[in-house]
Amino acid sequence: MARKHPVAQDYRLVPAAAAVWTTAVAGLFLSWQAAVATGVAAGAIGLAAWRRAWWNRTCAIALMISGPVAAAWVGGHVLRAESHPLRLAADEGRSTTLTVEIVTRPKGIRAEGFAGHQAGVDNVVVKATADGAQLVLLAPAAKWRDLVPGQKVTVKGTLAPPRGGDLASALLRVRGPPTDPQPPPVWQSWADDLRDGLAEASRVLDEEEAGLLPALVVGDTEQMVPRIVDEFRTAGLAHLLAVSGANLAIVCGAVYLLTRRLGPRKAAVAAMVALVGFVILAGPEPSVLRAAVMGAVTLLGLVLGRERSAVPSLAAAVLVLVLHDPALGGEPGFALSVVATAALVLIAPRWAQALKQRGVPNGLAEAVVVPMAASLATAPLVAGLSGQVSLVSVLANLAAGPVVAPATVLGVVAAVVAPLSPRAAELVTHVAGPAVTWLIQVGRQASTVPGAAVGWPDGWTGALALTAVTVVVVLLLRLKKTRTLVVAVLVGGFVVLVPMRVVAPVWPPDGWKVVSCDVGQGDALVLATDVADTAVLVDTGPDPGAVDRCLKTLGITKIPLVVLTHLHADHVGGLEAALTGRAVGAIAVGPLKEPEWAWREVGRRARAQNVRVVEPKAGERFALPGLDLEVMGPRRPPVAKAENTTVNDYSLVLKAHTRAGRVLLTGDVELAGQAALLGERDLTAEVLKVPHHGSRYSLPAFLKAVRPQIALVSVGTGNRYGHPSPHVIDVLRTGGALVLRTDRDGDLAVLPGNRIVRRRRHGLDQAVQRALPDPRRHTGPRMGTVADELRGDPVAARRAQTRFRLLHLRNTRRRHPRRHVQGDHHPRAAAHRGG
């Protein structure tokens with residue numbers, strides 16, 4: 001029989017838990033003095049509440065005791081970390097040799113490729129302890145990725161101050177391999193064997209599924225395809241890629257709610273079994289133990305018989321965990337664990353009960369509310385961490401929720417069976433394959449929805465702002481007087497925004513012919529043909545996710561030719577994404593096959609997709625409907641050198657004849673490559689893809705020979721190379737070109753009639769550029785930087801020209817020679833005679 005009234009929860013320990021957590025945050029991000037002050041203030045509030053009977057007596061006493069205890073405990077830990085001898089050595093940047101004990105598994109740092117450097121994981125971050133201090137190790141991935149927690153190794157490196165927000169006394173930059181490694185504990189070796197068995201069994205699946213299954217089960221993202229990570233982040237499914245508190249709470253909560261008809265205690269025992277299996281497989285690292293303890297105490301409260309004990313159990317978990325390890329108070333994963341678990345305890349049962357009263361079946365109601373409650377509750381924290389709000393997160397989690405538990409359970413079974421029978425483990429992963437494929441398709445389709453994610457302030461500011469907005473909306477919806485108004489505003493907003501962003505999106509603009517994709521620090525340019533859904537792609541950028549997003553938003557499904565101007569990582573990194581799911585005719589490469597790793601990668605990708613590789617020569621042409629491509633260079637024989645400058649100068653240079661005019665595609669040619677092109681062919685073009693991201697290695701004579709009206713600079717935001725060069729931008733603007741940059745303007749589309757459409761990041765600012773100014777108006781002397789910025793508006797440019805003309809006349813009048821009273825033989829008089 002359905003319960004008519006909701007379960008009354010016990011909140012007496014909540015203020016104490018909040019006080020301890022706040023004290024830890026103050027100490028980690030401010031100082032030990034701030035921790036002491038915060039804890040003492042909390043204790044004083046508890047004392048006042050006890051004496052004046054503001055709250056329940058138990059609540060006041062708990063706050064009065066926990067505040068000073070947290071002040072002393074947290075303040076002492078922070079002070080010890082700040083005054084440790086290793087902190088003093090780190091401030092001086094000393095080199096040292098230490099024997100450390102590994103605390104966490106090495107976590108890879110993925111770096112984007114650029115020039116001859118291949119994208120991938122080059123370094124790992126490892127947390128360790130030494131001489132009573134906590135350290136963060138930054139070490140080479142190739143030599144440190146196989147270490148497991150519990151091992152003791154000797155390391156050499158340079159100390160540096162930590163970033164803050166934790167109890168680490170120093171950061172140790174390690175250059176060499178670990179020496180004298182000690183064997184890990186037996187149970188750690190056993191867990192590591194299970195993880196390796198799962199990874200090996202997953203290789204029978206396709207590449208994307210093989211990387212996702214270990215990440216879903218044990219948080220192993222080592223083999224994850226970057227494209228999947230980007231799509232899951234946009235779709236709001238990133239929590240599935242780690243064994244976080246949110247993910248563990250969702251799985252355990254789903255098991256509990258789905259088995260609830262067996263009784264609360266049996267359902268809680270089933271969820272506890274699932275939790276223990278996760279801990280054994282993932283390994284008892286701090287992040288896993290944190291989530292496990294919180295889930296265990298919550299489930300224990302349910303096992304003890306009364307659901308109202310869930311909140312006290314959660315509060316007790318916060319108290320115990322933060323006092324045991326104050327560094328947890330500053331970790332985002334801890335906050336996600338607390339918020340997600342609280343949502344499943346407080347919100348999900350009420351929503352499920354409301355759905356049941358409206359006739360929704362029992363199992364379906366729980367399956368719907370569990371992911372919805374967790375997603376909405378953690379949305380402010382996710383927004384603060386990622387700097388964006390996923391508008392499709394709830395729907396994506398609803399679609400993905402039913403297959404998360406089966407895929408996870410099958411992954412656990414595969415890991416357990418792998419050491420005994422690899423064939424059986426592969427069979428289990430085959431069974432899990434459809435569920436993993438469904439997750440990938442949900443993330444992919446959700447990420448392609450126009451406006452799927454919108455920008456939001458990151459950090460504490462963004463998290464608090466979204467929390468405030470959510471609280472205000474919820475409170476207004478609970479009031480009968482304002483409920484109708486809020487619903488009307490929300491519906492009206494969707495009625496206005498959906499047609500603008502989904503039904504009739506302004507991107508891609510009708511009639512586009514050239515698009516420079518915003519792929520960060522790299523190049524990716526799309527040339528349209530007269531055939532729908534068909535275009536030529538010139539370079540693929542450094543990241544698979546960025547170029548795939550650009551091609552999807554343009555609706556490109558057929559690519560007759562992919563041109564790789566040269567084989568640097570920022571031009572070939574997205575080749576896999578460009579080839580996947582699209583009909584590709586051929587891949588064109590230049591004469592220089594350097595660096596070798598990139599040439600091997602191109603060959604491997606081409607063979608996997610059955611795409612032929614061609615090497616066009618200077619003077620060759622490619623004729624497509626509405627698009628002609630002419631190979632301009634290089635015209636010199638290749639020289640086998642792997643230097644970046646040599647590879648850049650042997651970039652393929654193309655001139656595309658489009659409906660929007662001529663487009664000169666220059667790759668990364670520098671001084672020698674540009675000089676070789678001068679005088680040999682007609683370089684004039686209406687649109688110029690500025691060489692080498694606008695680097696300073698550009699010849700003014702080359703830029704003037706092109707005489708572009710539009711200059712497109714593909715460059716990454718805040719890149720460390722100083723691109724683009726102000727001098728190059730100045731030369732282009734002096735010649736009358738409108739300079740547009742992907743780091744500021746986003747995706748750039750060129751249309752016939754010198755029209756430009758800009759699509760800024762996250763689709764928030766879509767603006768149509770006015771017709772380009774007549775270059776003849778700028779053939780005279782430059783008017784200055786201010787006038788150059790104004791000349792996009794004819795009225796402003798005309799006014800600026802008038803002001804500068806008047807200023808010029810006024811200065812000329814001031815320089816007019818005055819009458820001299822000196823005699824005719826005076827030097828100044830002789831100099832001005834005849835003026």
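**Reading a predicted model, feature by feature**

Biologist: How many cavities of 30 Å³ or more does a search of the whole structure find, and which residues line the largest cavity?

Modeller: The search finds two cavities of 30 Å³ or more, and the volume of the largest cavity is about 70 Å³. Its lining is formed by Ser516, Asp523, Ala524, Leu525, Val538, Asp539, Thr565, Leu665, Thr666, Gly667, Lys689 and Ser714.

Biologist: Since the model is predicted, what is the mean pLDDT of the protein, and where is the pLDDT below 50?

Modeller: The mean pLDDT of the protein is 77, with 80% of its residues reaching 70 or more. Over residues 1-5 the pLDDT is below 50, and this stretch has five contacts in the model beyond near neighbours in sequence. The pLDDT is also below 50 over residues 762-835, a stretch with 62 contacts in the model beyond near neighbours in sequence.

Biologist: How should I read the salt bridges, and how many are there by this rule?

Modeller: The general idea is that side chains of opposite charge can pair when their charged atoms come close. By this rule, the count here comes to 24 salt bridges. In one of them, the side chains of Glu596 and Arg600 meet at 3.9 Å, N to O.

Biologist: Where do Glu596 and Arg600 lie, and are they buried or exposed?

Modeller: An α-helix has 3.6 residues a turn, so residues three or four places apart point the same way. Glu596 and Arg600 both lie in helix 23 (residues 596-608), four residues apart, about one turn of the helix, and Glu596 and Arg600 are both exposed. Helix 23 also holds Glu601 and Arg604, which are three residues apart, about one turn of the helix, and whose side chains meet in a salt bridge at 2.9 Å, N to O. Glu601 counts as partly exposed because its relative accessibility is 25%, and Arg604 counts as partly exposed because its value is 41%.

Biologist: Which salt bridge pair links distant parts of the chain?

Modeller: The side chains of Arg662 and Glu686 meet in a salt bridge at 2.9 Å, N to O. This pair links distant parts of the chain, 24 residues apart, with Arg662 in strand 18 (residues 661-665) and Glu686 in the loop between helix 25 (671-677) and strand 19 (687-689). Arg662 is partly exposed because its relative accessible area is 25%. Elsewhere, salt bridges that share partners join Glu208, Glu231, Arg444, Asp548, Lys552 and Arg582 into one network.

Biologist: Is helix 8 mostly covered or uncovered, and which of its residues are buried?

Modeller: Helix 8 (residues 226-235) is mostly covered, with seven of its ten residues buried, namely Pro226, Arg227, Ile228, Glu231, Phe232, Thr234 and Ala235. Just after helix 8, Gly236 takes a positive phi of about 80 degrees.

Biologist: Which residue other than glycine has a positive phi of about 65 degrees, and which peptide bond has an omega of about 10 degrees?

Modeller: Asp533 has the positive phi of about 65 degrees although it is not a glycine, and its place is in the loop between strand 10 (525-528) and strand 11 (535-538). Asp533 counts as partly exposed because its relative accessibility is 42%. The omega of about 10 degrees belongs to the cis peptide bond that joins Gly633 and Pro634, and Pro634 is found in the loop between strand 16 (627-633) and helix 24 (644-649).

Note on methods
Residues are numbered from 1 along each chain as its sequence is written. Side-chain values use heavy atoms; hydrogens and water are left out. On a 1 Å grid over the protein atoms alone, a cavity is a set of points where a 1.4 Å probe fits but cannot get out, and a pocket is an open set with protein on both sides within 12 Å along at least five of seven lines; lining residues have an atom within 4 Å of a point. Grid points are joined across faces, edges and corners, and a volume is the space filled by probe spheres set on the points. pLDDT is the predictor's confidence in each residue, from 0 to 100. Contact means heavy atoms within 4.5 Å. Buried means under 20% relative accessible area, exposed over 50%, partly exposed in between (1.4 Å probe, protein chains only). Helices (H or I, at least four residues) and strands (E, at least two) are DSSP runs, numbered from the N terminus. A salt bridge is a side-chain nitrogen of Lys or Arg within 4 Å of a carboxyl oxygen of Asp or Glu.
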